[in-house]
Amino acid sequence: MSNVHSAPVNMSESEIRRLRRQLEIEITWLQRQMEEMSGSSSDVDISLRQTYKEMLFCRRALLGRIPR
């Protein structure tokens with residue numbers, strides 16, 4: 001039984017570039033959002049910060065798996 005998550009996906013070079021660029025944009029946006037929250041300590045901000053961290057981790061992991 002093959003692992004669906006590791007199966008290669010046939011994407012054109014332009015689609016790969018577009019996906020990489022979109023991930024880079026999202027990573028930058030998430031980093032800025034976290035920087036703006038840097039002094040906050042409310043429960044909502046702590047939860048939101050953790051969510052942003054997880055989103056950043058996932059996007060960076062995906063970006064690292066996409067061919068250059």
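**Entry 1. Salt bridges**

I take a salt bridge to be a side-chain nitrogen of Lys or Arg within 4 Å of a carboxyl oxygen of Asp or Glu. The model I am examining is predicted. Under this rule I count 3 salt bridges.

I began with Arg17, which pairs with Glu13 at 3.3 Å between the closest N and O atoms. Both residues are exposed. Because they stand 4 residues apart in helix H1, Arg17 and Glu13 are separated by about one helical turn. I recall here that an α-helix has 3.6 residues a turn, so residues three or four places apart point the same way.

I next looked up Arg21, whose salt bridge partner is Glu24, with the closest N and O atoms 3.7 Å apart. This pair also lies in helix H1, 3 residues apart, about one turn of the helix. Arg21 is partly exposed at 48% relative accessibility, and Glu24 is partly exposed at 31%.

The remaining pair I noted is Arg59 with Glu26, where the closest N and O atoms are 2.5 Å apart. I find Arg59 partly exposed at 21% relative accessibility and Glu26 partly exposed at 24%.

**Entry 2. Helices**

I then recorded the secondary structure, which comes to 2 helices and 0 strands. H1 covers residues 13-36 and H2 covers residues 43-65.

I checked the helix spans against the 1.5 Å expected for each residue. H1, with 24 residues, reaches 35 Å from its first C-alpha to its last, close to the expected 34 Å. H2, with 23 residues, should span 33 Å, and its end C-alpha atoms are 33 Å apart, which agrees.

In H1 they are Ile16, Arg20, Leu23, Ile27, Leu30, Gln33 and Met34; in H2 they are Asp45, Arg49, Tyr52, Leu56 and Leu63. The buried residues of H1 pack against H2, and those of H2 pack against H1.

**Entry 3. Core and contacts**

Which residues make up the largest nonpolar core? I find 10 in all: Ile16, Leu23, Ile27, Leu30, Met34, Met37, Tyr52, Leu56, Leu63 and Ile66. H1 and H2 each supply at least two residues of this core, and H1 gives the most, with 5.

I followed Leu56 further. Apart from its neighbours within four places in sequence, Leu56 is in contact with Ile27, Leu30, Gln31 and Met34.

**Entry 4. Aromatic pair**

I searched the whole structure and found 1 aromatic pair. Its members are Trp29 and Tyr52, with ring centres 6.0 Å apart and planes at 75 degrees, so I class the pair as edge-to-face. Trp29 is in H1 and Tyr52 in H2, so the pair ties together parts that are 23 residues apart in sequence.

**Entry 5. Whole chain**

I closed with chain totals. Of the 68 residues of the protein chain, 21% count as buried. The accessible surface comes to about 5700 Å², with 54% of it belonging to carbon and sulfur atoms. Among contacts with a separation of 6 or more, 63% are between residues 24 or more positions apart.

Terms used. Residues are numbered from 1 along each chain as its sequence is written. This is a predicted model: local features need pLDDT of at least 70, side-chain atom pairs count only at pLDDT 80 or more; totals for chains, interfaces and linings use all residues. Side-chain values use heavy atoms; hydrogens and water are left out. Rings of Phe, Tyr and Trp (its six-membered ring) pair if their centres lie within 6.5 Å; planes under 30 degrees apart count as stacked, over 60 as edge-to-face and the rest as tilted. The expected span of a helix is 1.5 Å times one less than its number of residues. Buried means under 20% relative accessible area, exposed over 50%, partly exposed in between (1.4 Å probe, protein chains only). Contact means heavy atoms within 4.5 Å. Accessible areas come from the Shrake-Rupley method with a 1.4 Å probe; for residues, only the protein chains shown count as cover. A nonpolar core is a set of buried Ala, Val, Leu, Ile, Met, Phe, Trp, Tyr and Cys residues joined through side-chain atoms within 4.5 Å.
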